[in-house]
Amino acid sequence: MIAKKVAQANKLAVDNGVEYLVNILESEAPELLQKREKQVKRVGLPELVNAEPGKVVLRFAPNPNGPLSFGHARGIIINGDYAKEYDGELILRFDDTDTTVKPPLLEAYQSIQQEAEWLLGFTPHRVIIASDRIDTYYAHVEIMLDGGFGYVCQCTGDEFRTYRVGMKNCPCRINTVNDNRQLWQQMLDGSFAPGEAVVRVKTDMTLKNPALRDWPALRIQDTITNPHPRVSIGSKYRVWPLLDFQSAVEDHLQGVTHIIRGKDLMDSTRKQKLLYQHFGWSYPETMYWGRVKVHEWGGFSTSQMRKDIEHGKYLGWEDPRLPTIAGLSGTGIQATALRNFWKELGVTQKDIAVPLATLYSHNIKIVDDDAPRIAFVRDPVKLTIEGFDEADVAVPTHPNNAELGDRIIDVSSGVVYVERSDLVNKSLRLKEFGDFEISGTTATFVSKERTDKRKIIHWVSQSTSDDGTLIQVLNDEICHINGRLESHSLSLNTPVQLERIGYGVISADNKVVFTHD
RNA sequence: GCUCGUGUGGUGUAGCCAGGUCCAUCAUUGCGGGUUUUCAUCCCGUCGACCCGGGUUCGAAUCCCGGCACGAGCACCA
């Protein structure tokens, strides 16, 4: 019955067009006509669940084992943007609890804060350093041991792995509170070497997910051989929390309401939720994003970059070939471009690979309206001007932005430079100057106005240009391209556009670093 | 192996939870054209996608089941 009616309606729609039905509805039952707009793309980041404006606390927690990379920018930008949008707070937390595998780098504590601020456009509301908080973590270990939901385990890694896959309890699991208390003191006082004892969170060895079975919370590190790089910490502690424990406790202590992180940490969330249950705490809302690769770079690991720099493969963290924030900003990528880029990708759990062209297009949108045009002549050839009497020519600094005014170029010397490769044509127009006929090394003035469709090239006057260098990465090599750079009074780090070449950034009086086409 | 997650044009992304004007959004890239004294910017046009197979339903990108593919976790790294 209903089916028949619907079929009838559908047929009407096909025969008479949807308009017809809409009209009937409008006259007979207007309340059924729910306005559903044509599809619109959602703008901005998705809403946070359970978020009360003014009470949202988020955090970004890098290991300071190097300065920030392109990938870290996502964490800062997304978390920071939510904090801003919800009038909440962003915590910058240094998770520097490993002194052996990924040891922290002293300089990174400073540089990360600066880079974070550059990326965000504001200063993180709180800064926490995990290595300052070890005593607090110890206090929570003691609660855990006393509460019977943690124990000191003396099994080797291999032994425990066998228990984990076999879903069997390890012998240490039945330690009494007193046993654990005593063993804990022994961990602290140096009776155990690294690997001889760990503190575990007691969950359940029969849990479906093997990752969650009695997971390790703290371990011993040889901080005599590998002292913590912060002098105030150095060799002070032997027992260090692992990420899952440290992060869980700290998030609770700081009142974090929302955690947004990589989906590789999904099991971390599950482990931490089990710990929160033991403590009687409630876990923050969590969101995840997938892994990002950039076509041109592949993946990027801080540890690998650090090795390559130490081996001299790269100049340093700010090397323009490196996907670090320092490298990117040094080549003229703007913080706003990075922000827009990451916000556009959002927080999907898909693993993706994006082309650099996407980032570049964001950067062009930020930079182009205000980037002064400036000429750089590669492989310069000196030409003598004939038949032009005026002392100078005025060239607009920006073709679409008159506010930037004109560049007055003195040509009274009668000598200009042009690019050698442009000289395959003998009839040329020097941009904003005039039409010329080239013969040997003389350029004879023809007309100020355009007389034909001859090719337009860029040029510099000898007296208003200097020897300069364009620094450009080509095939993973840093190339220093010498030429003549138009004289300018632009300050350092000004984004410019080299006419007919591409965008760049002033890196010294006579040096420009190439950004992109 | 166990566990978890993801699959929309070349690349990203919206829509999916609350099935119907979704012959699927927006951006980027490619291609074509226009403006322009830059091979830039800007503008216009155009190509191009719901992983596969079943099921539920009058109707499925959207719900269910099963495959397949890819990724991650199972570290005394973060």
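Residues are classed by relative accessible area as buried (under 20%), exposed (over 50%) or partly exposed in between, with a 1.4 Å probe and protein chains only. A salt bridge is a side-chain nitrogen of Lys or Arg within 4 Å of a carboxyl oxygen of Asp or Glu. The model is predicted, and local features need pLDDT of at least 70, while side-chain atom pairs count only at pLDDT 80 or more; totals for chains, interfaces and linings use all residues. Residues are numbered from 1 along each chain as its sequence is written, chains are lettered from A and ligands numbered from 1 in the order in which they are written, and side-chain values use heavy atoms, with hydrogens and water left out.

The whole structure holds 32 salt bridges. One of them joins Glu 52 to Lys 55, with 3.6 Å between the closest N and O atoms. Lys 55 is exposed at 56% relative accessible area, whereas Glu 52, at 48%, is partly exposed.

A further salt bridge pairs Arg 126 with Glu 89 at 3.2 Å between the closest N and O atoms. Arg 126 belongs to strand 3 (residues 126-129) and Glu 89 to strand 2 (residues 89-94), so the pair ties together parts 37 residues apart in sequence. Strands (E, at least two residues) are DSSP runs, numbered from the N terminus. Both residues are partly exposed, Arg 126 at 23% and Glu 89 at 29%.

Lys 431 and Glu 499 also form a salt bridge, with an N to O distance of 3.1 Å. Lys 431 is partly exposed at 30%, and Glu 499 is buried at 10%. Arg 429, Asp 435, Glu 437, Asp 452 and Arg 454 are linked in a salt-bridge network.

Technical notes:
Helices (H or I, at least four residues) and strands (E, at least two) are DSSP runs, numbered from the N terminus.
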